[in-house]
Each structure stands twice: as C-alpha cells, then as structure tokens.
Amino acid sequence: MVGAACALALARRGFKVALLEAREPAPWSAADPEDLRVIALAPSSARLLDELGVWRAIETARVSPYRHMQVWDGESGAESTFDAAREGHAQLGWIVENKLVARTLWDALGGAGVRRVCPAHVASFTQREDRVTLELGDGEMLSAALLVIADGAGSALRDQAGIAVRGRDYHQRAVVAHVATERAHAATAWQRFTDEGPIALLPLGDGRSSIVWSLPEARAREMLAMDDAAFCEAAGIASDFRLGRIMSTTPRASFPLRLQIAERFAAGRCVLIGDAAHAVHPLAGQGANLGLRDVA
C-alpha cells in the first residue's frame, strides 16, 4: 500500500517510475465480506490519497467514519474522550480495509504511467555515485536514480543496503475478528487497557466492530482455539461490555507484535519508507499513517 502510494505520487510529479511487486493485490468487491485487515486512516492520509486521485473511489466503495474515541483503563477506570465535533471536524478518521486501499492504488498506477513489474524479485542491486542498478530474478536489469525500499518489516533490500534495525519483540500477538454487538458502536472507536494488553473495537460500516486485541502469545493462541461462544464471552469481558454482549464473530486471525526502527532511513541512493523503516504497535493505529506520511 505504501509503496504503491509512493510510486503513484512520484509519477504524478513527472518522474519515470517502475514498481516491483511480488504479487498483484487481491481484487476487491463490494459483494465480498469486509476483510479482517483494516486500518484507521487519519485525515492527513485521506488528504494525500485525495491528492493522488484515489480517495473518492475508496470513500464511495466502503469506509466507516468514526467521530468519537473512548479510551479507558481497566484497573483505575480513568477515561479519555475524543470528539470530532469539538475539534470542528466531521470525523476523526475512517476505518478502511487494507485490501480496498491497496487495490485502488494498484488500479490507478497504470493510468499514471507507472510500469508495474509483477511478479518481481530483486536478486541484487549495486550503487554507483549517480545510479542504482538492480538485477531481477529473471535476469532483467533496471537502472534508476533512486531506489525506494518499501518491502515491509522483514525487508531484504534494507539488509542489502547495509541498514541495521533496532527494536524489541513484545512477545504478544494481535488477535483480530469482526463481531456483532448488542448495542450500536455509535461511530466510536472503543479501546480499553487491560493487564494483558489493549483491546479495541473499531466501527465498521455494516454496524459490526473490528476487534484488535493485543495478548501474550499463549493467551492469543487460546483465543484462536476457542469456539465462537467462548471467544465472544471473553471479548465481552475484556471490553467491559461497553457495547453489550458480543453476539457473533467471524473466524479469527492473529499477527505478531514488535517494535522495529531502522537506524537510518537512507543510504546512498536508497531510501526506506513504511514498515521497512519503522514497524510499531497497533494500539494507536499509526502504522499505515506513518507510512503514508513518509510518502508525503
């Protein structure tokens, strides 16, 4: 998503751009159920996507604006409330499927003159004073003034560029699911901090909520193994039943959590963006927004 946005932004500025992608993003259809992977897009990210000419297509396809945030501590009960109207805005942000953003950007690249090389694998690259030369897995050679590295937290190209990372493993996993609740989400993002980790319920356009629940690895495995009824009860307890009982859930998934920041964001004619530069905990929903700010 971040790499495609950067390719589109550079092409819109008149640069000649090739995007190397391992696999084409999955198609998106309004007839499909909402994807489990969602992001909270900040207004700055929406503005950038609007400047790139893709926000309207995303917004009219399927997004869920959230106007309030309710954040509270499970032990003390201390609470913070955020209200868009109080800041003079219509919303604080939008909950959007990763797949929708990625596919919309991908479809826009061809019309902007970006050469999409897919499937592509970079076997190696060398830097000279004025150029970077890449050898692809199929033997094709490419030469450019700049190599933008946007291949994720486990970036092989970052390693080839000689850029080290620092960080730590949280020994936690984020458990994600879409759930139906007894009470309406009221266009509000709800987040409770517990002893085990934060649990968030993010509003979806169809009235359900997307759960993102950070848990120690062993507990996360338990949650994935539970039957639906047991998971709904556990998630209801963890979220303080703020939206009443959790009535149903989709199948669940999880992903590991770690903090990782590159020691440099540039080396010679290579520059890092997105998770290749910085991978952060999802509790503030900033991962994709930081990547899009890199593009800006």
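Visitor: Which residues line the largest cavity?

Guide: In this predicted model, the structure holds 1 cavity of 30 Å³ or more. The volume of the largest cavity is about 30 Å³. Its lining is made up of Glu-34, Arg-62, Val-63, Ser-64, Ile-95, Val-96, Glu-97, Leu-204 and Gly-205.

Visitor: Which element gives the largest share of the lining of the largest cavity?

Guide: Among the lining residues are Ile-95, Val-96 and Glu-97. Strand E6 covers residues 93-97. The largest share of the lining, 3 residues, therefore belongs to an element whose definition as a strand rests on a DSSP run, and that element is E6.

Visitor: How many residues of the lining of the largest cavity are nonpolar, polar and charged?

Guide: The lining includes Val-63 and Leu-204 as well as Glu-34 and Arg-62. Gly counts as polar in this classification, and Gly-205 is one of the lining residues. The division is 4 nonpolar, 2 polar and 3 charged.

Visitor: In what order do the strands of the open sheet that contains E6 stand?

Guide: The open sheet is formed by 3 strands with antiparallel pairing. Strand E2 (38-41) and strand E3 (64-66) each have a single partner strand and stand at the edges, so one side of each lacks a neighbour in the sheet. On average, neighbouring strands are turned by 25 degrees against each other, direction ignored. The order is E2-E6-E3.

Visitor: How many bridges join E2 to strand E6?

Guide: E2 and E6 run antiparallel. Within this pairing, Ala-40 stands opposite Ile-95, and Leu-41 stands opposite Trp-94.

Visitor: Which residues of E2 are buried on its two faces?

Guide: In a regular strand, side chains alternate between the two faces of the sheet. A residue counts as buried when its relative accessible area is under 20%. Both faces of E2 are covered, and the buried residues are Val-38 and Ala-40 on one side, with Ile-39 and Leu-41 on the other.

Visitor: Which element gives the largest share of the lining of the second largest pocket?

Guide: The second largest pocket holds about 310 Å³ of space. Its lining has 15 residues, and those nearest its centre are Ala-9, Leu-10, Arg-13, Val-295 and Ala-296. Two or more lining residues come from each of helix H1 (2-12) and helix H2 (43-51). The largest share, 4 residues, comes from H1.

Visitor: How many residues in the lining of the second largest pocket are charged?

Guide: Arg counts as charged, and Arg-13 is among the residues nearest the centre of this pocket. The lining also has 12 nonpolar residues and no polar ones. The number of charged residues is 3.

Visitor: Is Ala-123 buried, partly exposed or exposed, and what is its relative accessible area?

Guide: Ala-123 belongs to strand E8 (residues 122-127). Values under 20% count as buried and those over 50% as exposed, with partly exposed in between. Ala-123 is partly exposed, at a relative accessible area of 40%.

Visitor: What is the radius of gyration of the protein chain?

Guide: The chain has 8 helices and 20 strands. For 296 residues the globule rule gives 19 Å, and the computed value is close to this, so the chain is as compact as a globular protein of that length. Along the principal axes, the C-alpha trace spans about 60 × 40 × 35 Å. The radius of gyration is 20 Å.

How values were computed
Residues are numbered from 1 along each chain as its sequence is written. This is a predicted model: local features need pLDDT of at least 70, side-chain atom pairs count only at pLDDT 80 or more; totals for chains, interfaces and linings use all residues. Side-chain values use heavy atoms; hydrogens and water are left out. Two strands pair if DSSP finds at least two bridges between them. Axes are lines fitted to C-alpha atoms, for helices over the stretch in contact, and angles run from 0 to 180 degrees between N-to-C directions. On a 1 Å grid over the protein atoms alone, a cavity is a set of points where a 1.4 Å probe fits but cannot get out, and a pocket is an open set with protein on both sides within 12 Å along at least five of seven lines; lining residues have an atom within 4 Å of a point. Grid points are joined across faces, edges and corners, and a volume is the space filled by probe spheres set on the points. The radius of gyration is taken over C-alpha atoms; the globule rule is 2.2 Å times the number of residues to the power 0.38. Buried means under 20% relative accessible area, exposed over 50%, partly exposed in between (1.4 Å probe, protein chains only).
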